[in-house]
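Visitor: I'm new to this one. Could you take me through the pockets, slowly, and tell me what lines them?

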Amino acid sequence: MASIDTSNTPPPAKTDDGAWLLNLKRDVQPVTFKKGRDYAEARKVSLLAREGEKVTAKVLGSEVARYDVSIWPASGGGTESQCNCVSSNKYGPHCKHEVA
């Protein structure tokens, strides 16, 4: 039986992905969370990538613009994020693109 080479396999992430979603839901307004989930379900998220515990993506906005989004676990718990839209950190700690 042949063995499988796992030398190039990245180590598993330390953060539970479900915890990120719960933190986002806790930290944002219900309308923002719903809009973000609607964006995700409408497949407006592309170029999704993970490097270590940081996730990056492009999110198609409502006006055809694409936004650069990054999200990662905060050192003391919770979630930190960054988006280049005008609403990022304006109405709360995360925008709908970051939730998506």
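Guide: Happy to. A pocket here is an open set of grid points where a 1.4 Å probe fits, with protein on both sides within 12 Å along at least five of seven lines. Keep in mind that this is a predicted model.

Let's take the second largest pocket, which has about 270 Å³ of space. Its lining is made up of 19 residues, and Ser87, Tyr91, Cys95, Lys96 and His97 are the ones closest to the centre. Two elements, α2 and α3, each give two or more residues to that lining. The biggest share comes from α2, with four residues. Sort the lining of this second pocket by class and you get eight polar, seven nonpolar and four charged residues.

Now for the largest pocket, where the space comes to about 370 Å³. Here 20 residues form the lining, and Leu48, Val55, Ile71, Val99 and Ala100 lie closest to the centre. By class, the lining of the largest pocket splits into 13 nonpolar, three polar and four charged residues.

The charged end of Lys44 sits over the ring of Tyr39, 4.6 Å from the ring's centre. Lys54 does likewise with Trp72: its charged end sits over that ring, 5.1 Å from the centre. As for aromatic pairs, the structure holds zero.

Terms used. Residues are numbered from 1 along each chain as its sequence is written. This is a predicted model: local features need pLDDT of at least 70, side-chain atom pairs count only at pLDDT 80 or more; totals for chains, interfaces and linings use all residues. Side-chain values use heavy atoms; hydrogens and water are left out. On a 1 Å grid over the protein atoms alone, a cavity is a set of points where a 1.4 Å probe fits but cannot get out, and a pocket is an open set with protein on both sides within 12 Å along at least five of seven lines; lining residues have an atom within 4 Å of a point. Grid points are joined across faces, edges and corners, and a volume is the space filled by probe spheres set on the points. Ala, Val, Leu, Ile, Met, Phe, Trp, Tyr, Cys and Pro count as nonpolar, Asp, Glu, Lys and Arg as charged, and the others, Gly among them, as polar. Rings of Phe, Tyr and Trp (its six-membered ring) pair if their centres lie within 6.5 Å; planes under 30 degrees apart count as stacked, over 60 as edge-to-face and the rest as tilted. A charge sits over a ring if NZ of Lys or CZ of Arg is within 6 Å of the ring centre and within 35 degrees of the ring normal.
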